[in-house]
Each structure stands twice: as structure tokens, then as C-alpha cells.
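Here is a short tour of one model, meant to be read with the coordinates open beside you.

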Amino acid sequence: MQAVAVMSGERDPAPLADAVARHVALTASTAVPPEAAHAARRSLLDAIGVMLAATGLSAAAASYRQHAMGPDGGPCTVLGAIGGAEPQAAAFANGALAHALDFGDTFDPGPAHPHAALVPALMALIEFGCEASYGDLLAALAIGGDLACRLSLAPAHAYEDAGWYPPPLVNLIASAAACARLLHLPPGRIVAAMSFALLSGSFPAALKLDRASPLRGTREAFAAGGAVQAALLAQSGASGFDDPLGGPGGFFEVYAGGCRHEILMDGLGQRYLGAEVSFKPWPACRGTHAYIEAALDLRRQTDPADIVSLTAGVGPIQQMLVSALPPPGEPLSATQAKFSIPFTLALAFLDGEVGLPSFDQRHLADSRYRAFAARVAAAPVPQWGREHAASGKLSVRLSDGSERHHDVDHALGSPRRPMSDTALVAKFADCARYALPACTLVDAVVAAETILCAPLDAPAINCIRFLQRGKSVR
């Protein structure tokens, strides 16, 4: 069965959800291009590594783990816990880990972290007993990741304009569809799954605006758990809406005032946008990465003690990342620090690195970083738009009056400057060191190679089984 392609400019006469659902359900796993399948392997590896690290480093996610562990347990792994849980609860707990460190992959052209809910949701269904090959899992990842990216690009008006926060919102709908596909449900049942997901789709902009709240990091719990619940309910035969995407009162009308159909449907089944994500070299908001990169480059030729002031050139997207940190004496959260260009610049210049330990309490409480951050000023770059979401300009003025500059057009990790498989394996191994229980370096590398190289006809469960023991399948 071949991929269902809907070309640009052609409006399918069927409801929008039907057209999307046919593509999700009827695209054969073997029809997913090899490059998209390999990109799905990379995103799976990256997501699992980040979740493992969060078990040991995210205090905010611990309560989600505790909540998921019912008295009777279940067949699905809850990372960092002893015992298992039912699939929705496991997806919920692991989803809280997926974005807790702000280290997972991201889609620079649109507001999406397309695999943050998708990976924990699909993993839960596989452990629940879903009959799927590794190729089936990779296809579901490729199709679901692509759909999340398309949903992020297609609103008639920005989701934020109506008071919503888009990353978990688009993840919820796309993950529900992909989960239903993994369960081998037909198109009508995938429409139902998207209907049920729509009923739990409240992700208010407070997630973005309340900068001290840990919910910004753990929000994917609700998208992952909701996606699994929606897919299993669809499997049971429950009825949903006729068109939960494009119909009256449906997803696009409620959240975005309509849909740009040509963007949603252009090249569907041919171009997989999930293969165009950026992988993060540093565990902070993607908008800080160009500035971190610039700082690390300038540090090689500059003594930080000689820096008098810094100027970050920012567009409208980066503007929120240069707002003032809490006043001295008030607590600084890891979330606030990760979303601060000045603070991440301080880390890069003073420490020469920005890593997983950089946002621990010792760094957050050290007044040296805030003092350095106070030297940073912002200069608007009005011509920048969404395409510059991962761009940055940095200038430093030195005590002798001289200035040095470094511009980054596309931060490291983007499709134009990708992280290699070797670099992703190293990132995975570093993340696994912080896991509960911690993986050994050998186990982490073997696990990474399993994910990147497992045969497509292998049972999907065998490719993630190492999670149940804190080490890989050999």
C-alpha cells in the first residue's frame, strides 16, 4: 500500500480529518523514505536519553512518577521507578520527563517539539502488548512527528493569539493519531482518536508566561497520557466527531481561527518534516543556542574578565529570552535560567560549557552568574522573523575599548548544521549517566547502537527492552 499524497493547492473534498487519517492509517511502513526512518531512529534515541537523564535531574517530574504508580502496577515501564504502570499512566509519567530538561529535539520553523509526547506514548503502547515491528514503530514516529510539525505551521492565526501554548497542543493531536496507527486502527478510528484528544487539549499560554512554573517542563505528560487514552478509546469503538480538525468548532477553528490547508497538506506522504528537526547540543531553550555558540567561540579569543558589556541582537522570538531575571535575593529556577540568554551567556563565558549540571542549585544560587548576566543588553533586529528562531548576534566590548562580534545564522544541531550520529550517541551516553538507575557507559552505547541499527523486522519491544533493566538488550 502506497503513501497517500495530497499535493499543494488541491483541497480534498472529504473532511480534513479524513484526509489526514487516511494518510496516517494507510501509508505502509515500507513506504516511509529511508532517510525519514533513520531520522525517526535519531529522534527515538535522543528522546529516550533525555528522559533517562530527567529521572535523576528533574525534581519536578518526580511527583508525576509517584502519581502514575498505582497499587496494582502494570506492564509498562515508568522510568526511574521500581515496578510498572498501566499504559496511560506510564505515558503520563514518562511524558513529564521528555521536556523537563529542555534538551529534546525541536522544529525550528514552527512551535513544536514533535517527539516529546510521541515517544513516551508509543513506548507505552508497545509495552502494553501492541504487536508492532521496529519498522512499524519508526513509521509511526515518522508520520506522527511530521503531523505535529505540519500542525504547528498550518494555523490561520498563531495559536498564541488565542491564548494557547502550541507545542504540547499539536503534540497531543499528532501523537493520538500516531498511537492509533500503531494499534493498526483504520482511518475512521484515527479520526475518533483525534476527536478524543481534542477533548483534553487545554494548554493555556500560562505555560509560557508563568516563567517560574515547572509546568513548562512537565507539560508533555498531559499530551502523552491524553494521546494513549484517545487511541485506546478509539480502539474500543467509541464514536467521535465527524471532522475534529477542520469541522465547525474543531481544532483549527477553536485554537487558530482556521487552517491554511495548503501548508498542512502540501507534500503529505512525500516530505516528512519530522526529519527536519534540530537536535540540541545544550540543555536550554533553543532560542539561546546561537548565543551560547557565539559565546563559546568568542571565549576562545577573549578573557571573560576583560568583558565590560555584551549586546545580543534579537528578533521578536528571542525578545522574551532577554527579559530581566528575578532580582538578586529572589530564587532563580532552572526554567527561568534555561530561558535566559543573559544567564546562558554567563554560563558559557564563565564555565566554558553549558551542560546538564549547569542548571543545578549551585549554579542558580551563585551570584557571579547573575552579575555577569546583568552586563547583557538587547539590540532589536526588526527584520528577523520565524526563520531566524535559531539565529543570534553577539557583540562584546572589552576593557580596552575594543569590540568583538560573532553572528550565528543557524545554530548547531539544525538540519543545515546537523549533529552526527556519533555526536548523538555521545549525548545519549552522557544523559544515561544521570539516570535512575544509572546506565554504564558500555550499556548506554550498546543501547544507542541498538536503537540506531536494529533490523526493521525485529519486534519493537526488543528495541526498547533495556529500559526495564536500566541497560540495553545485547
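In this predicted model, Asp 108 sits in the loop that links α4 (87-98) with α5 (118-127). Is Asp 108 buried or exposed? Its relative accessible area is 14%, and because the cut-off for buried is under 20%, Asp 108 counts as buried. Its side chain makes a polar contact with the side chain of Ser 278, at 2.7 Å. Beyond residues up to four places away in sequence, Asp 108 touches Ser 278, Arg 286, Arg 386, Ala 389, Ala 390 and Ser 414.

Next, have a look at strand β5. The covered face of β5 carries Gly 392, Leu 394, Val 396 and Leu 398, while Lys 393, Ser 395 and Arg 397 lie on the uncovered one. Its pairings are listed here.

| Strand paired with β5 | Direction | Bridges |
|---|---|---|
| β3 (residues 307-314) | antiparallel | six |
| β6 (residues 403-408) | antiparallel | six |

Within these pairings, Leu 310 has Val 396 of β5 as its bridge partner, and Leu 394 stands opposite His 406 in β6. A hairpin is formed by β5 and β6, with four residues between them. In that turn, Gly 401 has a positive phi of about 90°.

Finally, the cores. The largest nonpolar core has 131 residues, and those touching the most other members are Ile 48, Leu 141, Leu 151, Tyr 159, Phe 251, Phe 252 and Leu 264. Setting aside neighbours within four places in sequence, Leu 264 is in contact with Leu 16, Val 20, Arg 150, Leu 151, Ala 154, Phe 252 and Cys 259. Another core, of 42 residues, lies apart from the largest one, and includes Leu 325, Phe 339, Leu 364 and Val 381.

Definitions and conventions: Residues numbered from 1 in each chain as written. Predicted model: local features only at pLDDT ≥ 70, side-chain atom pairs only at ≥ 80, totals over all residues. Heavy atoms only, no water. Helix = DSSP H or I, 4+ residues; strand = E, 2+ residues; numbered from the N terminus. Buried < 20%, exposed > 50% of the residue type's maximum accessible area, 1.4 Å probe, protein only. Polar contact = N/O pair within 3.5 Å; in protein donor to acceptor, adjacent residues only side chain to side chain. Contact = heavy atoms within 4.5 Å. Core = buried A, V, L, I, M, F, W, Y, C linked by side-chain atoms within 4.5 Å. Pairing = 2+ DSSP bridges.
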